[in-house]
Protein chains: 2
Amino acid sequence: MEFFFDYVSPTSYIAHFLLPGLAERTGARVVYRPMFLGGVMRATGNQPPVAVPAKGAYMVRDMARCARRVGVSLHHNPHFPMNTRSLTRATLGLDSDPALQARFIDAAFRHCQGIENGIDPADERDLAAMCEAEGFDFDMILALANAPENREKLRANTEEAVARGAFGAPSFFVGDELFFGHDRLDHVEEALMA
Amino acid sequence: MEFFFDYVSPTSYIAHFLLPGLAERTGARVVYRPMFLGGVMRATGNQPPVAVPAKGAYMVRDMARCARRVGVSLHHNPHFPMNTRSLTRATLGLDSDPALQARFIDAAFRHCQGIENGIDPADERDLAAMCEAEGFDFDMILALANAPENREKLRANTEEAVARGAFGAPSFFVGDELFFGHDRLDHVEEALMA
């Protein structure tokens with residue numbers, strides 16, 4: 001099962017929180033596929049919910065309820081919509097070390113969505129503070145975030161997501177079948193058990 | 001609990017199918033509030049999912065899965081997006097006879113969303129055929145559909161929905177709290193039990 005996400009997306013964070021349980025129940029392996037959500041929106045002509053004021057206002061309340069129901073701590077990031085490319089690119093640069101990568105993904109999600117006064121990932125001081133708090137080598141993370149090959153990997157993931165039908169985040173694929181939204185993980189689970 | 005809907009909306013039909021069970025479990029009374037979804041979209045600047053081709057393609061598969069999971073027969077209406085105002089206005093004209101109104105709502109939903117080759121409610125022949133099949137007096141229904149006071153009631157419901165924060169259908173209110181989408185009926189149920 002593939003999980004296409006961007007740290008800018010609060011509902012991707014809710015999904016991230018729910019995935020270990022789903023993996024345990026289904027025996028499925030979750031492949032984390034960072035993408036650039038802004039690029040997906042632009043390529044598909046999709047707009048974020050906040051583009052419609054009434055929808056944006058509702059989403060705040062809806063996401064808070066969704067988070068409370070599953071027991072995850074979700075906080076509005078004051079920098080929203082954050083430029084998360086340093087984090088998504090660094091994540092892709094950790095492909096060769098799955099355990100470190102998993103720890104980095106969880107830290108990046110928490111610092112963007114799970115703590116009060118979430119970080120601005122485009123601000124190197126915020127990135128450095130996160131690395132220090134979570135025990136990552138900031139210089140290494142920054143080098144991975146700036147490496148052209150990780151920039152290219154992020155672009156490739158984003159283009160692949162669009163080519164396979166994604167229009168937002170979180171997007172899940174079971175084989176070629178797309179499921180959109182943390183609130184479709186029950187459908188994902190059913191597909192994995194079929 | 002108030003249910004704002006339009007017969008043009010497939011997910012409103014899924015919600016309609018699920019509401020009797022919810023009412024039984026919670027003891028809540030469901031107040032059916034027909035509205036003009038096109039007016040809600042226009043007033044809020046919202047766009048239907050089909051405005052984004054990738055989202056429209058996904059929605060077809062997603063709605064089929066949602067319908068299958070709850071056991072309701074959902075069929076794409078060849079006239080989509082139908083002009084449903086004859087049905088919503090006639091529904092409002094039946095306010096004084098709740099039992100007849102409930103039967104009409106169910107019939108209108110089924111003929112728009114639940115049968116193969118659903119009707120075009122703007123076509124009087126289709127409306128007449130539905131009335132004949134379901135045992136409604138076509139002349140009375142047509143008169144209600146054309147009555148200025150029902151036109152006015154529909155406009156008032158639509159404006160009230162927008163004023164209270166709705167931006168699409170189905171929309172539910174528990175008191176002043178808005179819930180959007182058939183897939184939030186679990187939140188509605190929780191709110192009703194609180």
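## The sheet of chain A

Let's start with chain A, where 4 strands make an open sheet in the order S2-S1-S3-S4, with mixed pairing. Strands here are DSSP runs of type E with at least two residues, helices are runs of H or I with at least four, and both are numbered from the N terminus; two strands pair if DSSP finds at least two bridges between them. The edges of this sheet are strand S2 (31–34) and strand S4 (177–180) of chain A, each pairing on one side only. From one strand to the next, the twist averages 25°. (Axes are lines fitted to C-alpha atoms, for helices over the stretch in contact, and angles run from 0 to 180 degrees between N-to-C directions.)

Helix H9 (residues 185–193) of chain A packs on this sheet and touches strand S3 (171–174) and S4 of chain A, where contact means heavy atoms within 4.5 Å. The direction of H9 makes about 10° with that of S3(A). Strand S1 (residues 2–5) of chain A runs parallel to S2(A), and 4 bridges join the two. In this pair, Phe5(A) has Pro34(A) as its bridge partner in S2(A).

## How to read the model

This is a predicted model, in which local features need pLDDT of at least 70 and side-chain atom pairs count only at pLDDT 80 or more, while totals for chains, interfaces and linings use all residues. Residues are numbered from 1 along each chain as its sequence is written, chains are lettered from A and ligands numbered from 1 in the order in which they are written, and side-chain values use heavy atoms, with hydrogens and water left out.

## The sheet of chain B

In chain B, 4 strands form an open sheet with the order S2-S1-S3-S4 and mixed pairing. Strand S2 (31–34) and S4 of chain B each have a single partner strand, so one side of each lacks a neighbour in the sheet. The twist averages 25° from one strand to the next.

Strand S1 (residues 2–5) of chain B is joined to S2(B) by 4 bridges, and the two run parallel. Here Phe4(B) has Arg33(B) as its bridge partner in S2(B). Helix H1 (residues 10–26) of chain B lies across S1, S2 and strand S3 (171–174) of chain B, at about 155° to S1(B).

Helix H3 (residues 53–70) of chain A has 18 residues and spans 26 Å from its first C-alpha to its last, close to the 26 Å expected at 1.5 Å a residue; the expected span is 1.5 Å times one less than the number of residues. Among its buried residues are Tyr58(A), Asp62(A), Met63(A) and Cys66(A). Buried means under 20% relative accessible area, exposed over 50%, and partly exposed in between (1.4 Å probe, protein chains only). The buried residues of H3(A) pack against helix H1 (10–26) of chain A, and also against strand S4 (177–180) and helix H9 (185–193) of chain B. After H3(A) comes Gly71(A), with a positive phi near 85°.

The contact takes 27 residues from chain A and 27 residues from chain B. Together the chains bury about 2400 Å², 45% of it on carbon and sulfur atoms; buried area is the accessible area (1.4 Å probe) that two parts lose on being put together, summed over both. In chain A, Tyr58(A), Arg69(A) and Arg184(A) lose the most area to chain B, together 25% of what that side buries.

## Cysteines

The count is 0 disulfides over all chains, taking a disulfide as a pair of cysteine sulfur atoms within 2.5 Å. For Cys66(B), the closest cysteine sulfur is in Cys66(A), 14 Å away and so too far for a bond. Cys131(B) is 12 Å, sulfur to sulfur, from its closest counterpart in Cys112(B), also too far for a bond. Cys66(B) counts as buried at 5% relative accessibility, and Cys131(B) counts as buried at 0%.
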